[in-house]
Structures are given as C-alpha cells and as structure tokens.
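Here are a few notes to read with the model open beside you. I have grouped them by topic so that you can follow each one on screen.

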Amino acid sequence: MSRTLTVSTGAVTPMLRRDAAGRLAMVEPEGGEYATPLRGSRGRLELSGISEVFEMTSQFKPDPVEKIRVEYRMAKGANASARQVEGMRFTEIMTWTMGPKSSLGRLVGALRGAPVQPGERIDPDDYIGTTFVCTTTTSDDGKWGRVNPDAIEAGSVRLPAGVAAPAAPGDGDAGEDGGEEEDPFADEV
C-alpha cells in the first residue's frame, strides 16, 4: 500500500531502508545525516533508501507528477572531496516512472547491468542496499548531489542478497571480453 505525501519545504522525507537483518523498514532520517557531495566526489556509494511516492508540481507542469526521493550514502571515499562526506547521505528527486529513458529506469538498468525493457515488472525497492563506484555530480547551483547512471563504473556493482542481475541476451560466456574492470574497493565490505 502506498501513501501519497505532499512535499513541504525543509521537511525530511521518510525513507524505506534495509535494517540490520536486510528487511525493508520505513525510517525518519535525522537532518544531520545529509551532506551534498562536491562535484567530482568519487567513491563507493550505496543506494540506501527510496521514499514513498509523493506529488509535486512545477512551473512547467501545472498538474502534479508522482515523484520519489532516491537516497545514497557515501560508503567509502576515493578522493579528498568524497572523504569529506564519507558516511553521509544525499538524495535526488526522480519521477516515479520505470522506462528505458526515465531517471529511475536508467539507474535500475545501470545497477543490474541490463537496460529495463518495456513490459517488464521491476520493484525498485529490491535495489535498496546496492553498492557501486561512481563519481558524483551536482545540480547547476551546487545544492543537490546527483548520480549519473552512465558514470557507474563497470564491474563495481554489488546487488543485495537475493537480487540477481538479469541474464543479458547471449550471456552464458561470462568473461568473453577478457574480464571485468578492476573494482577499486573490491577488498572492502
């Protein structure tokens, strides 16, 4: 069952996160958990939460659009700017739409290693807890951190237990290309 929330200025959005046992639980984040990473912060990030669906209007669309906040945690920084926000979280707003070109669809496709396909049924919550290596960017004004799905480094994604990556067409000859790129955080948990 989904609730619709109305966005209010300055409010911290409740997030669906995994607890210590790996179960999904709704939590009220603390305001001090968040920091905006600087553009170019590189490290191992975790998709740490997804909010409930809420409605939002914009100056371009007078009718409300269903949105979510996707929450990331900088698990381990690889450069000085990322180490400054290590352990902190940031969010980005996405439309609650799953398609090959939607922000959420592109993110899920990058995490699972295969683009989403029309007609496919996907639960984005399955990907909460996924870690990956990426260099972050920011909004033009520098206020909001962003993850570009195209910047997620190949071979760095670790899906949560119980979530399997879809088999790519013609898959079965793993390592055909001579191996995966090296994960700079491979020896870390």
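1. A word on burial to begin with: a residue counts as buried when its relative accessible area is under 20%, and as exposed when that area is over 50%. By this rule both arginine 17 and glutamate 33 are buried. Please keep in mind that the model is predicted.

2. Let us stay with that pair. Arginine 17 and glutamate 33 form a salt bridge, with 3.0 Å between the closest N and O atoms. The two residues come from distant parts of the chain, 16 residues apart: arginine 17 belongs to strand E2, while glutamate 33 sits in the loop between strand E3 (24-27) and E4. For arginine 17 the relative accessibility is 10%, so it falls in the buried class.

3. The structure holds nine salt bridges. Another of them joins the side chains of aspartate 19 and arginine 23, at 3.3 Å from N to O. Here aspartate 19 is partly exposed, with a relative accessible area of 29%, and arginine 23 counts as exposed at 54%. Elsewhere, shared partners connect Arg17, Glu33, Glu71 and Arg89 into one salt-bridge network.

4. Now for strand E4, residues 42-51. Is this strand largely enclosed or largely open? Nine of its 10 residues are buried, so the strand is largely enclosed by the rest of the structure.

5. Strand E2 (residues 15-18) runs antiparallel to E4 and is joined to it by two bridges; leucine 16 has isoleucine 50 as its bridge partner in E4. Isoleucine 50 also stands opposite valine 70 in E6, and seven bridges join E4 to E6 in an antiparallel arrangement.

6. Turning to the aromatic rings, a search of the whole structure finds two pairs. In one, the ring centres of tyrosine 72 and phenylalanine 90 are 5.2 Å apart and the planes meet at 35 degrees, so the pair is classed as tilted. Tyrosine 72 in strand E6 (residues 65-77) and phenylalanine 90 in strand E7 (residues 89-95) are 18 residues apart, and their pairing links distant parts of the chain. Relative accessibility is 0% for tyrosine 72 and 5% for phenylalanine 90, so tyrosine 72 counts as buried, and phenylalanine 90 counts as buried too.

7. Tyrosine 72 also pairs with phenylalanine 132, this time edge-to-face, with 6.3 Å from centre to centre and 85 degrees between the planes. Tyrosine 72 and phenylalanine 132 are both buried. Taken together, Tyr72, Phe90 and Phe132 form one aromatic cluster.

Conventions:
Residues numbered from 1 in each chain as written. Predicted model: local features only at pLDDT ≥ 70, side-chain atom pairs only at ≥ 80, totals over all residues. Heavy atoms only, no water. Phe/Tyr/Trp six-rings, centres within 6.5 Å; stacked < 30°, edge-to-face > 60°. Helix = DSSP H or I, 4+ residues; strand = E, 2+ residues; numbered from the N terminus. Buried < 20%, exposed > 50% of the residue type's maximum accessible area, 1.4 Å probe, protein only. Pairing = 2+ DSSP bridges. Salt bridge = Lys/Arg side-chain N within 4 Å of Asp/Glu carboxyl O.
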